[in-house]
Amino acid sequence: MTEDSFALDMVAVYRQTLDGQLLECNEACARMLGFSSSEELLASGRLNYLNASDSLTVLAALTDLGTLSNVEIALRRKDGTVVWALQNLKYVRVAEASKEWIEAAMFDVTDQRSAVQKLEFQAYHDSLTSLPNRSLAVDRLNVALARAKRSRKPVAVMIVDLDHFELINTTFGHGVADRLLRQVSDRLIDCVRTEDTVCRFSSDEFMVILAEMSSETDAALAAQRVLDSVSQAVQIDDHRIDVKASIGISVSPQDGITTDDLIKNATTAMYQSKERGRNMFRFHVPELNARAIERASLVASLRRGLARNEFELHYHPEVNVQTGRIDCVEALVRWRHPDIGLVAPADFLPAAEQGNLDGQIGEWVVGEACRQLRSWNDQGLKGFRMAVNLSTRQFHSRDLQRMLDDAVRAAKLEPQDLELEVSEATLARSARANDILNTLQEFGSRIAIDDFGAGGCSFTDLRQMSVDTLKIAPTFVQNMMQRNDDAAMVQAMITMAKGLDLRIIAEGVESKEQLSYLLARRCTDMQGFFFGKPLPAFALVDTLRMQH
């Protein structure tokens, strides 16, 4: 590149070292990057790439090929705004002088790029709602199906049709109807996950793609959320408009493995919803309907149960059999259903997790357990901790420490009065397990790994975890006297806990023989029906008083 090249004022040109240090530039280059002069740009030292990795990628290709043409890259101007540059670059090496540098000429293509992006957006998005249009939705469904083939997780397609939309259009006019569609599209987006897709499929019809679901129930719960959200009256100017929707659902692979089949079958199911009375959802496969509706109904009942305070706690002591003392009491949630009666957690917690209610239930459990411990302490019943179970969602919640701190402060307790139980399966699947455990340890509560032996944590994992207690999974305790492999596992867990100076508790002790077997192997802390079933707070008072 000659000296005249730098004198030219029409094209931005510069020369830099391989590590990015600017050597020369012209005034056009300075103006393009928002500097008042080439001297000011040179004083800044180097070009400011929007993504630092871009410069390394370009450098690697350039030193390999020697020249690069039409490289589109994003740079930051002096004021921080982004400019898109189309660059032609040359790698120069003078072997006899042991010198090398990069020469480049570039053009500002920001406006052209914006125009192209605008055209692309208009081609693949609905002009009214800005949602993906039918063409882009089909592309995304193809991508979701390809991923599902690898992950073996189902994909669902929901066709959401607004009931009697023609009447709304005729009664209130196109302007109001268009604003209604925009509000409905916003509500649909709020009902699904970020990895899902909502698109406008036709005038009053939307399509929702639910990617990589854990089960068909996820689709039913999403459909119910959509119905609940859409059915809330919409206020537009002076008009209060009641909206309802009919939804059809197809699920891969049983309803098809191609986009055409899934869309066709979801549309068929949507028309079945309309024929059966509207304002409902239907699966294309009939046998899924009863199961999905039952689970969605259970989630709705749980939500009402939270509002009506239908949950209660039962308490199960952990006993040191050598001293006879209760060192800890575990709080276990129960649901007193107005029609069914007392419901065990195994019968409703899976539905609570699928309905995203486990966090709310868990927060109530922690608060209520702390209030009960405060009540017992005020009665002179002290010297033991309260254990609460954390769900997977709670364990990963950013509000976990805030929630625990609020509950402890409200009950005028100390963090060490709580023992937090986390299942081994939750820890084994969490990439953030150690960081979260360290935070909880700093908070001051003791930490127990629940169902230990059944979740997949290795000895190396355990050594790195900030925990205080291991609770042997009940299945090992129940089978240890009949199966040599379970007996060996129990012995190994006891030995490992002792070696790491951790408290070890055997869960599920139901007989005197199991107690003696464990005691002979130096496991002195136990929990199970042999010592009594979980009881309401008032029924446990006499037992607690006995040790005081």
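Hi everyone. A quick definition to begin: the axes I'll mention are lines fitted to C-alpha atoms, for helices over the stretch in contact, and angles between N-to-C directions run from 0 to 180 degrees. And please keep in mind that this is a predicted model.

So, let's look at a helix pair. Helix α8, residues 174-191, packs with helix α9, residues 216-230, at an angle of about 145°, and their axes are 9 Å apart. The crossing of α8 past α9 is right-handed. On the α8 side we have Val 184, Arg 187, Leu 188 and Cys 191, and they meet Arg 225, Val 226, Ser 229 and Val 230 of α9. By type, the contact of α8 with α9 has 5 nonpolar, 1 polar and 2 charged residues.

How many disulfides does the structure hold? The count is 0.

Now, on to the cores. The largest nonpolar core has 78 residues, and those touching the most other members are Tyr 315, Trp 376, Met 386, Leu 404, Leu 427, Leu 440 and Leu 518. Helix α13, residues 358-378, gives the most to this core, with 7 residues. Have a look at Leu 440: leaving aside residues up to four places away in sequence, its contacts include Leu 390, Phe 395, Leu 404 and Ile 447. Another core, of 39 residues, lies apart from that one, and Leu 162, Val 198, Val 208 and Ile 241 are among its members. Thanks, everyone!

Definitions and conventions. Residues numbered from 1 in each chain as written. Predicted model: local features only at pLDDT ≥ 70, side-chain atom pairs only at ≥ 80, totals over all residues. Heavy atoms only, no water. Helix = DSSP H or I, 4+ residues; strand = E, 2+ residues; numbered from the N terminus. Left-handed = near helix turned anticlockwise from the far one by under 90°. Contact = heavy atoms within 4.5 Å. Nonpolar A, V, L, I, M, F, W, Y, C, P; charged D, E, K, R; others polar. Disulfide = S-S within 2.5 Å. Core = buried A, V, L, I, M, F, W, Y, C linked by side-chain atoms within 4.5 Å. Buried < 20%, exposed > 50% of the residue type's maximum accessible area, 1.4 Å probe, protein only.
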